[in-house]
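Give the cut-offs along the way.

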Amino acid sequence: MLNHFNFQKIENQILITNDFGKYAFLSEQEFKKLLRGDVAEEDPCYQTLKDGFFLIRNPAELYSAEAVTALRKMKNYLFSGTALHIFAVTNSCNINCIYCQAKDKASSLGGFMTPDTGRRAVTIALQSPCDHLTFEFQGGEPLLNFDTIKAMIEHCDAVKGNKKVEYTLVSNLVSLTDEKLNYLAEHKVSVSTSMDGPKYVHDFNRRYRGNASSYDYMETGLEKLRGKGISSGAIETTTRYSLSYPEEIVDSYYEHGLPGIFLRPLTPLGFAQADWDSVGYRPDEFLNFYERAFERILEINRNGTVFPEFLATYFLRKILHGAACNYMELRSPCGASMGQMSYYYDGDVYTCDEGRMISESGDRAFRLGNVYHNTYQELIENPICKATAVASVIESLPSCCDCVYQPYCGVCPVVTYAMEKDIFPKAPGGFRCSVYHGILDLIFKKIKSKDADVLKIFESWLGGELNERD
(Lines give C-alpha, C1' and ligand atoms only; values in the text may rest on other atoms or scores of the structure.)
Protein backbone atom coordinates (compact mmCIF):
# COMPACT_ATOMS: atom_id res chain seq x y z
CA MET A 1 0.00 0.00 0.00
CA LEU A 2 1.30 3.42 -0.96
CA ASN A 3 1.57 6.10 1.74
CA HIS A 4 1.32 9.84 1.00
CA PHE A 5 4.53 11.50 -0.22
CA ASN A 6 5.75 14.55 -2.11
CA PHE A 7 8.34 14.48 -4.87
CA GLN A 8 10.64 16.55 -7.07
CA LYS A 9 13.11 15.69 -9.79
CA ILE A 10 16.72 16.48 -8.86
CA GLU A 11 19.07 16.03 -11.78
CA ASN A 12 18.47 12.47 -13.04
CA GLN A 13 16.61 11.09 -10.02
CA ILE A 14 13.35 11.63 -8.16
CA LEU A 15 13.49 12.78 -4.53
CA ILE A 16 10.53 11.67 -2.43
CA THR A 17 9.75 12.75 1.15
CA ASN A 18 6.96 12.29 3.67
CA ASP A 19 5.65 13.78 6.91
CA PHE A 20 7.92 11.53 8.98
CA GLY A 21 10.94 13.38 7.61
CA LYS A 22 12.01 10.34 5.59
CA TYR A 23 13.46 10.70 2.11
CA ALA A 24 14.62 8.49 -0.74
CA PHE A 25 16.15 8.95 -4.18
CA LEU A 26 14.63 6.81 -6.92
CA SER A 27 15.43 6.31 -10.57
CA GLU A 28 12.62 7.20 -12.95
CA GLN A 29 11.94 3.49 -13.46
CA GLU A 30 11.75 2.85 -9.70
CA PHE A 31 9.48 5.87 -9.30
CA LYS A 32 7.08 4.59 -11.93
CA LYS A 33 7.01 1.18 -10.26
CA LEU A 34 6.23 2.87 -6.96
CA LEU A 35 3.30 4.75 -8.47
CA ARG A 36 1.97 1.55 -10.08
CA GLY A 37 2.35 -0.41 -6.87
CA ASP A 38 4.78 -2.79 -8.55
CA VAL A 39 7.73 -2.57 -6.15
CA ALA A 40 8.64 -6.14 -5.25
CA GLU A 41 10.43 -7.25 -2.09
CA GLU A 42 13.47 -8.26 -4.11
CA ASP A 43 13.82 -4.77 -5.65
CA PRO A 44 16.86 -2.85 -4.29
CA CYS A 45 14.71 0.11 -3.24
CA TYR A 46 12.07 -1.96 -1.41
CA GLN A 47 13.61 -1.95 2.07
CA THR A 48 14.38 1.79 1.92
CA LEU A 49 10.78 2.51 0.96
CA LYS A 50 9.47 0.18 3.66
CA ASP A 51 11.71 1.59 6.40
CA GLY A 52 10.75 5.14 5.38
CA PHE A 53 6.98 4.43 5.59
CA PHE A 54 6.53 5.08 1.88
CA LEU A 55 5.22 1.54 1.53
CA ILE A 56 2.92 0.13 4.22
CA ARG A 57 1.01 -3.12 4.46
CA ASN A 58 -2.03 -1.44 6.03
CA PRO A 59 -2.99 1.97 7.52
CA ALA A 60 -2.41 0.68 11.07
CA GLU A 61 1.35 0.76 10.41
CA LEU A 62 1.16 4.57 10.53
CA TYR A 63 0.34 4.22 14.24
CA SER A 64 3.10 1.75 15.03
CA ALA A 65 5.70 2.50 17.68
CA GLU A 66 8.31 3.14 14.97
CA ALA A 67 6.09 5.63 13.12
CA VAL A 68 5.04 7.42 16.29
CA THR A 69 8.67 7.72 17.42
CA ALA A 70 9.72 9.15 14.05
CA LEU A 71 6.96 11.76 14.12
CA ARG A 72 7.68 12.69 17.74
CA LYS A 73 11.35 13.32 16.89
CA MET A 74 10.34 15.63 14.06
CA LYS A 75 7.87 17.50 16.29
CA ASN A 76 9.56 17.30 19.70
CA TYR A 77 9.38 21.09 20.14
CA LEU A 78 5.62 20.78 20.62
CA PHE A 79 6.11 19.05 23.98
CA SER A 80 7.57 22.08 25.72
CA GLY A 81 6.37 25.49 26.85
CA THR A 82 7.86 28.81 25.76
CA ALA A 83 11.60 28.37 26.24
CA LEU A 84 13.06 31.53 24.66
CA HIS A 85 12.17 34.90 26.16
CA ILE A 86 13.56 37.97 24.41
CA PHE A 87 13.71 41.25 26.31
CA ALA A 88 14.16 44.38 24.17
CA VAL A 89 15.34 46.59 27.02
CA THR A 90 15.67 49.66 24.77
CA ASN A 91 15.07 50.69 21.19
CA SER A 92 17.97 53.14 21.28
CA CYS A 93 21.15 52.21 19.46
CA ASN A 94 24.59 53.74 19.00
CA ILE A 95 25.23 52.60 15.42
CA ASN A 96 23.20 52.91 12.22
CA CYS A 97 22.99 49.63 10.33
CA ILE A 98 21.84 50.13 6.75
CA TYR A 99 19.54 47.11 7.09
CA CYS A 100 18.13 47.64 10.60
CA GLN A 101 15.08 45.41 10.98
CA ALA A 102 14.13 46.68 14.45
CA LYS A 103 13.16 50.22 13.45
CA ASP A 104 11.95 52.26 10.51
CA LYS A 105 11.23 55.87 9.63
CA ALA A 106 8.12 55.85 11.84
CA SER A 107 9.96 54.62 14.94
CA SER A 108 10.04 56.77 18.06
CA LEU A 109 13.45 56.06 19.55
CA GLY A 110 14.74 56.61 23.06
CA GLY A 111 12.62 54.14 25.00
CA PHE A 112 14.19 52.33 27.97
CA MET A 113 12.73 49.49 30.02
CA THR A 114 12.57 50.38 33.70
CA PRO A 115 13.90 47.92 36.31
CA ASP A 116 10.34 47.39 37.59
CA THR A 117 9.06 46.55 34.10
CA GLY A 118 12.05 44.25 33.62
CA ARG A 119 11.34 42.38 36.84
CA ARG A 120 7.67 41.99 35.90
CA ALA A 121 8.71 40.61 32.49
CA VAL A 122 10.98 38.08 34.20
CA THR A 123 8.14 37.04 36.49
CA ILE A 124 5.88 36.42 33.47
CA ALA A 125 8.60 34.46 31.66
CA LEU A 126 9.18 32.23 34.69
CA GLN A 127 5.50 31.20 34.55
CA SER A 128 6.24 29.20 31.40
CA PRO A 129 5.89 25.46 32.13
CA CYS A 130 9.29 24.88 30.53
CA ASP A 131 11.96 23.99 33.10
CA HIS A 132 14.91 25.15 30.96
CA LEU A 133 14.61 28.75 29.81
CA THR A 134 16.78 31.15 27.84
CA PHE A 135 16.56 34.86 28.62
CA GLU A 136 17.95 36.97 25.78
CA PHE A 137 18.62 40.68 26.22
CA GLN A 138 18.28 42.70 23.02
CA GLY A 139 17.70 46.23 21.77
CA GLY A 140 18.42 48.53 20.13
CA GLU A 141 21.68 48.17 21.96
CA PRO A 142 21.02 46.49 25.34
CA LEU A 143 24.30 47.63 26.93
CA LEU A 144 22.82 51.15 26.93
CA ASN A 145 20.36 49.98 29.60
CA PHE A 146 22.62 47.75 31.64
CA ASP A 147 21.16 48.68 35.04
CA THR A 148 17.84 47.16 34.02
CA ILE A 149 19.56 44.02 32.75
CA LYS A 150 21.29 43.67 36.13
CA ALA A 151 17.97 44.14 37.96
CA MET A 152 16.36 41.44 35.81
CA ILE A 153 19.16 38.91 36.30
CA GLU A 154 19.27 39.45 40.05
CA HIS A 155 15.48 39.19 40.34
CA CYS A 156 15.48 35.99 38.29
CA ASP A 157 18.25 34.43 40.38
CA ALA A 158 16.27 35.23 43.52
CA VAL A 159 12.90 33.79 42.44
CA LYS A 160 13.53 31.18 39.71
CA GLY A 161 13.38 28.22 42.10
CA ASN A 162 14.30 24.96 40.38
CA LYS A 163 14.13 26.35 36.86
CA LYS A 164 17.36 26.47 34.88
CA VAL A 165 17.82 29.84 33.19
CA GLU A 166 20.55 30.67 30.70
CA TYR A 167 21.31 34.31 30.00
CA THR A 168 22.46 35.65 26.66
CA LEU A 169 22.98 39.17 25.35
CA VAL A 170 23.02 40.44 21.75
CA SER A 171 25.29 43.47 21.42
CA ASN A 172 27.44 45.43 19.01
CA LEU A 173 29.96 45.72 21.90
CA VAL A 174 30.55 49.45 21.40
CA SER A 175 29.47 50.20 24.97
CA LEU A 176 31.23 47.25 26.60
CA THR A 177 33.13 48.52 29.66
CA ASP A 178 35.27 46.58 32.11
CA GLU A 179 32.53 46.88 34.74
CA LYS A 180 29.93 45.38 32.40
CA LEU A 181 32.40 42.74 31.26
CA ASN A 182 33.04 41.61 34.84
CA TYR A 183 29.33 41.41 35.57
CA LEU A 184 28.66 39.31 32.46
CA ALA A 185 31.46 36.93 33.45
CA GLU A 186 30.26 36.68 37.04
CA HIS A 187 26.70 35.81 35.99
CA LYS A 188 27.70 33.53 33.10
CA VAL A 189 25.95 35.61 30.45
CA SER A 190 26.86 34.45 26.95
CA VAL A 191 27.21 37.16 24.31
CA SER A 192 26.41 37.22 20.61
CA THR A 193 27.62 40.08 18.46
CA SER A 194 27.26 40.91 14.80
CA MET A 195 30.06 40.44 12.31
CA ASP A 196 29.12 40.93 8.69
CA GLY A 197 32.53 39.93 7.36
CA PRO A 198 35.90 41.65 6.96
CA LYS A 199 36.23 45.26 8.09
CA TYR A 200 35.30 46.88 4.78
CA VAL A 201 32.06 44.87 4.58
CA HIS A 202 31.17 45.18 8.26
CA ASP A 203 31.72 48.94 8.44
CA PHE A 204 29.75 49.50 5.23
CA ASN A 205 26.76 47.59 6.64
CA ARG A 206 27.04 48.64 10.29
CA ARG A 207 27.96 52.31 10.38
CA TYR A 208 29.28 54.16 13.42
CA ARG A 209 29.35 57.91 13.86
CA GLY A 210 32.14 59.97 12.35
CA ASN A 211 35.15 58.07 11.12
CA ALA A 212 35.05 55.50 13.92
CA SER A 213 34.83 51.81 13.05
CA SER A 214 32.14 49.57 14.54
CA TYR A 215 34.30 46.65 13.38
CA ASP A 216 37.16 47.75 15.64
CA TYR A 217 34.82 47.89 18.64
CA MET A 218 33.41 44.47 17.77
CA GLU A 219 36.83 42.88 17.34
CA THR A 220 38.21 44.38 20.57
CA GLY A 221 35.05 43.36 22.42
CA LEU A 222 35.34 39.76 21.23
CA GLU A 223 38.90 39.59 22.51
CA LYS A 224 37.82 40.95 25.91
CA LEU A 225 34.97 38.45 26.15
CA ARG A 226 37.30 35.56 25.41
CA GLY A 227 39.82 36.88 27.90
CA LYS A 228 37.14 36.64 30.58
CA GLY A 229 36.08 33.16 29.50
CA ILE A 230 32.66 34.40 28.37
CA SER A 231 30.93 32.22 25.78
CA SER A 232 30.69 34.36 22.67
CA GLY A 233 29.71 34.13 19.04
CA ALA A 234 28.66 36.24 16.09
CA ILE A 235 25.89 36.47 13.53
CA GLU A 236 26.13 37.61 9.91
CA THR A 237 23.55 39.50 7.90
CA THR A 238 23.85 39.55 4.11
CA THR A 239 23.19 42.80 2.26
CA ARG A 240 23.46 43.59 -1.42
CA TYR A 241 26.98 44.87 -0.73
CA SER A 242 27.88 41.56 0.96
CA LEU A 243 27.00 39.49 -2.11
CA SER A 244 30.37 40.17 -3.75
CA TYR A 245 32.39 38.75 -0.85
CA PRO A 246 31.18 35.23 0.06
CA GLU A 247 34.62 33.67 0.51
CA GLU A 248 35.99 36.70 2.34
CA ILE A 249 33.05 36.68 4.79
CA VAL A 250 33.52 32.97 5.54
CA ASP A 251 37.27 33.44 5.98
CA SER A 252 36.75 36.32 8.42
CA TYR A 253 34.70 34.05 10.69
CA TYR A 254 37.23 31.25 10.45
CA GLU A 255 40.20 33.55 11.09
CA HIS A 256 38.51 34.97 14.20
CA GLY A 257 38.26 31.47 15.66
CA LEU A 258 34.46 31.42 15.60
CA PRO A 259 32.83 27.97 15.72
CA GLY A 260 30.95 28.36 12.45
CA ILE A 261 28.84 30.83 10.49
CA PHE A 262 25.14 31.43 9.92
CA LEU A 263 24.71 32.84 6.41
CA ARG A 264 21.63 34.89 7.13
CA PRO A 265 19.50 36.48 4.41
CA LEU A 266 17.88 39.82 5.12
CA THR A 267 14.47 39.83 6.75
CA PRO A 268 12.27 42.44 5.01
CA LEU A 269 11.29 44.38 8.13
CA GLY A 270 11.99 47.95 9.24
CA PHE A 271 14.60 49.82 7.23
CA ALA A 272 15.47 46.61 5.39
CA GLN A 273 11.98 46.60 3.90
CA ALA A 274 11.83 50.35 3.28
CA ASP A 275 15.25 50.41 1.58
CA TRP A 276 15.02 47.01 -0.10
CA ASP A 277 15.92 48.38 -3.52
CA SER A 278 19.34 49.45 -2.23
CA VAL A 279 20.15 46.82 0.42
CA GLY A 280 18.09 43.83 -0.72
CA TYR A 281 18.36 41.35 -3.58
CA ARG A 282 16.56 38.64 -5.49
CA PRO A 283 16.51 35.08 -4.11
CA ASP A 284 18.73 33.83 -6.93
CA GLU A 285 21.34 36.48 -6.08
CA PHE A 286 21.45 35.34 -2.47
CA LEU A 287 21.60 31.68 -3.51
CA ASN A 288 24.58 32.34 -5.74
CA PHE A 289 26.30 34.01 -2.79
CA TYR A 290 25.30 31.13 -0.50
CA GLU A 291 26.59 28.41 -2.82
CA ARG A 292 29.98 30.08 -3.20
CA ALA A 293 30.24 30.57 0.56
CA PHE A 294 29.12 26.97 1.15
CA GLU A 295 31.88 25.60 -1.08
CA ARG A 296 34.43 27.63 0.86
CA ILE A 297 33.03 26.24 4.13
CA LEU A 298 33.35 22.68 2.81
CA GLU A 299 36.94 23.43 1.81
CA ILE A 300 37.75 24.52 5.37
CA ASN A 301 36.14 21.36 6.75
CA ARG A 302 38.06 19.12 4.38
CA ASN A 303 41.20 20.25 6.18
CA GLY A 304 39.95 18.55 9.35
CA THR A 305 38.19 21.38 11.21
CA VAL A 306 34.54 21.33 12.22
CA PHE A 307 33.24 24.63 10.86
CA PRO A 308 29.52 24.38 10.05
CA GLU A 309 27.07 26.60 8.24
CA PHE A 310 24.38 26.72 10.89
CA LEU A 311 21.29 27.18 8.71
CA ALA A 312 22.27 24.07 6.74
CA THR A 313 22.83 22.29 10.04
CA TYR A 314 19.23 22.94 11.13
CA PHE A 315 18.03 21.37 7.88
CA LEU A 316 20.50 18.48 8.06
CA ARG A 317 19.46 17.48 11.56
CA LYS A 318 15.96 16.87 10.25
CA ILE A 319 17.10 15.24 7.01
CA LEU A 320 19.85 12.93 8.31
CA HIS A 321 18.81 12.37 11.93
CA GLY A 322 15.05 12.83 11.71
CA ALA A 323 15.16 15.26 14.64
CA ALA A 324 14.19 18.92 14.73
CA CYS A 325 16.17 21.69 16.38
CA ASN A 326 14.11 24.29 18.20
CA TYR A 327 14.81 26.88 15.50
CA MET A 328 11.68 29.02 15.46
CA GLU A 329 11.38 29.63 11.72
CA LEU A 330 11.72 25.94 10.83
CA ARG A 331 8.97 24.70 13.12
CA SER A 332 5.46 23.75 12.10
CA PRO A 333 3.65 25.51 13.64
CA CYS A 334 6.30 28.20 14.03
CA GLY A 335 7.74 29.25 17.38
CA ALA A 336 5.63 32.38 17.80
CA SER A 337 4.43 32.48 21.44
CA MET A 338 4.80 28.73 21.94
CA GLY A 339 8.55 28.76 21.38
CA GLN A 340 9.47 32.36 22.10
CA MET A 341 7.95 35.59 23.38
CA SER A 342 9.30 39.10 23.03
CA TYR A 343 8.97 41.73 25.76
CA TYR A 344 9.29 45.34 24.67
CA TYR A 345 10.73 48.16 26.78
CA ASP A 346 7.22 49.47 27.60
CA GLY A 347 6.06 46.09 28.94
CA ASP A 348 4.11 45.07 25.85
CA VAL A 349 4.50 41.38 24.97
CA TYR A 350 4.61 40.11 21.40
CA THR A 351 4.40 36.70 19.75
CA CYS A 352 8.07 36.87 18.76
CA ASP A 353 10.91 39.27 18.07
CA GLU A 354 9.69 39.84 14.51
CA GLY A 355 6.24 40.71 15.86
CA ARG A 356 7.86 43.27 18.14
CA MET A 357 9.78 44.72 15.19
CA ILE A 358 6.53 45.20 13.25
CA SER A 359 5.26 47.34 16.13
CA GLU A 360 8.00 49.90 15.46
CA SER A 361 6.03 51.04 12.42
CA GLY A 362 2.96 51.55 14.60
CA ASP A 363 1.31 48.22 13.77
CA ARG A 364 0.73 46.16 16.92
CA ALA A 365 -0.95 43.26 15.15
CA PHE A 366 1.16 40.69 17.03
CA ARG A 367 0.78 42.17 20.53
CA LEU A 368 -0.39 39.61 23.10
CA GLY A 369 -0.69 41.86 26.15
CA ASN A 370 1.38 43.65 28.77
CA VAL A 371 3.42 42.51 31.76
CA TYR A 372 1.41 44.82 34.05
CA HIS A 373 -1.95 43.39 33.02
CA ASN A 374 -1.55 39.77 31.95
CA THR A 375 -0.26 36.41 33.14
CA TYR A 376 1.68 33.98 30.97
CA GLN A 377 -1.44 31.82 30.67
CA GLU A 378 -3.48 34.77 29.40
CA LEU A 379 -0.78 35.62 26.86
CA ILE A 380 -0.55 32.08 25.53
CA GLU A 381 -4.38 31.87 25.25
CA ASN A 382 -4.59 35.09 23.25
CA PRO A 383 -6.35 34.57 19.88
CA ILE A 384 -3.31 36.12 18.16
CA CYS A 385 -1.19 33.23 19.43
CA LYS A 386 -3.72 30.78 18.06
CA ALA A 387 -3.95 32.55 14.71
CA THR A 388 -0.17 32.54 14.15
CA ALA A 389 -0.08 28.84 15.03
CA VAL A 390 -2.81 27.99 12.51
CA ALA A 391 -1.14 30.16 9.85
CA SER A 392 2.18 28.35 10.21
CA VAL A 393 1.15 24.68 10.08
CA ILE A 394 2.77 24.11 6.73
CA GLU A 395 1.24 20.63 6.32
CA SER A 396 -2.10 22.41 5.81
CA LEU A 397 -1.02 25.47 3.80
CA PRO A 398 -1.96 25.21 0.10
CA SER A 399 1.31 26.89 -0.85
CA CYS A 400 3.42 24.40 1.15
CA CYS A 401 1.63 21.09 1.66
CA ASP A 402 2.69 19.58 -1.69
CA CYS A 403 6.30 20.76 -1.58
CA VAL A 404 8.95 18.05 -1.36
CA TYR A 405 10.74 20.09 1.34
CA GLN A 406 7.67 20.55 3.54
CA PRO A 407 8.93 18.19 6.30
CA TYR A 408 12.09 20.27 6.78
CA CYS A 409 10.84 23.82 6.27
CA GLY A 410 8.74 26.47 8.00
CA VAL A 411 7.01 29.80 7.45
CA CYS A 412 6.98 33.07 9.38
CA PRO A 413 3.50 34.65 9.62
CA VAL A 414 5.04 37.99 10.63
CA VAL A 415 7.18 38.23 7.50
CA THR A 416 4.22 37.07 5.41
CA TYR A 417 2.13 39.81 7.03
CA ALA A 418 4.82 42.42 6.35
CA MET A 419 5.05 41.42 2.70
CA GLU A 420 1.44 40.51 1.88
CA LYS A 421 -0.65 42.06 4.71
CA ASP A 422 -1.97 38.60 5.52
CA ILE A 423 -0.59 35.98 7.90
CA PHE A 424 -1.46 33.21 5.41
CA PRO A 425 0.90 33.03 2.42
CA LYS A 426 -1.11 33.45 -0.76
CA ALA A 427 1.25 31.74 -3.18
CA PRO A 428 4.49 29.76 -3.17
CA GLY A 429 7.71 31.25 -4.43
CA GLY A 430 8.07 34.28 -2.17
CA PHE A 431 11.48 35.53 -1.11
CA ARG A 432 12.00 33.31 1.93
CA CYS A 433 10.34 30.32 0.27
CA SER A 434 12.68 30.62 -2.72
CA VAL A 435 15.76 31.00 -0.51
CA TYR A 436 14.94 27.95 1.62
CA HIS A 437 14.03 25.90 -1.44
CA GLY A 438 17.34 26.78 -3.10
CA ILE A 439 19.38 25.90 -0.01
CA LEU A 440 17.59 22.56 0.31
CA ASP A 441 18.21 21.89 -3.39
CA LEU A 442 21.92 22.39 -2.73
CA ILE A 443 21.92 20.16 0.35
CA PHE A 444 20.07 17.31 -1.34
CA LYS A 445 22.33 17.50 -4.39
CA LYS A 446 25.27 17.03 -2.02
CA ILE A 447 23.54 14.08 -0.36
CA LYS A 448 22.60 12.57 -3.72
CA SER A 449 26.22 12.75 -4.90
CA LYS A 450 27.19 10.29 -2.13
CA ASP A 451 30.52 12.09 -1.74
CA ALA A 452 31.91 10.34 1.34
CA ASP A 453 33.92 13.37 2.43
CA VAL A 454 30.92 15.70 2.24
CA LEU A 455 28.66 13.27 4.10
CA LYS A 456 31.32 12.89 6.78
CA ILE A 457 31.46 16.70 7.09
CA PHE A 458 27.68 16.91 7.40
CA GLU A 459 27.72 14.34 10.20
CA SER A 460 30.48 16.25 11.97
CA TRP A 461 28.25 19.34 11.98
CA LEU A 462 25.66 17.27 13.82
CA GLY A 463 28.10 16.20 16.52
CA GLY A 464 29.92 13.43 14.72
CA GLU A 465 33.51 13.23 13.61
CA LEU A 466 36.43 15.62 13.03
CA ASN A 467 38.05 17.81 15.67
CA GLU A 468 36.15 20.63 17.34
CA ARG A 469 37.91 23.98 17.38
CA ASP A 470 39.33 25.38 20.59
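K421 lies over the face of Y417, 5.4 Å from the ring centre. R207 is placed over the face of F204, at 4.6 Å from the ring centre. A charge sits over a ring if NZ of Lys or CZ of Arg is within 6 Å of the ring centre and within 35 degrees of the ring normal.

This is a predicted model: local features need pLDDT of at least 70, side-chain atom pairs count only at pLDDT 80 or more, and totals for chains, interfaces and linings use all residues. Residues are numbered from 1 along each chain as its sequence is written, and side-chain values use heavy atoms, with hydrogens and water left out.

Now the ring pairs. Rings of Phe, Tyr and Trp (its six-membered ring) pair if their centres lie within 6.5 Å; planes under 30 degrees apart count as stacked, over 60 as edge-to-face and the rest as tilted. The count by this rule is 36 aromatic pairs. Take Y23 and F444: their centres are 5.4 Å apart and their planes stand at 75 degrees, so the pair is edge-to-face. This pair links distant parts of the chain, with Y23 in strand β3 (residues 23-26) and F444 in helix α18 (residues 431-449), 421 residues apart. Helices (H or I, at least four residues) and strands (E, at least two) are DSSP runs, numbered from the N terminus. Y23 has 25% relative accessibility and so counts as partly exposed. F444, at 0%, counts as buried. Buried means under 20% relative accessible area, exposed over 50%, partly exposed in between (1.4 Å probe, protein chains only).

W276 and F431 also form an edge-to-face pair, 5.2 Å centre to centre with 85 degrees between the planes. W276 belongs to helix α11 (residues 276-279) and F431 to helix α18, 155 residues apart. F431 is buried because its relative accessibility is 16%. Beyond its neighbours within four places in sequence, F431 is in contact (heavy atoms within 4.5 Å) with P265, L266, W276, Y281, R282 and P283. One aromatic cluster includes W276, Y281, F431 and W461.

Last, a helix pair. The axes of helix α5 (residues 146-159) and helix α6 (residues 178-186) come within 12 Å and cross at roughly 20 degrees. Axes are lines fitted to C-alpha atoms, for helices over the stretch in contact, and angles run from 0 to 180 degrees between N-to-C directions. The crossing angle makes α5 roughly parallel to α6, a term for angles under 35 degrees. The contact is made by F146, K150, I153 and E154 of α5 and E179, K180, Y183 and L184 of α6.

Methods
Parallel < 35°, antiparallel > 145°, perpendicular 65-115°, else oblique.
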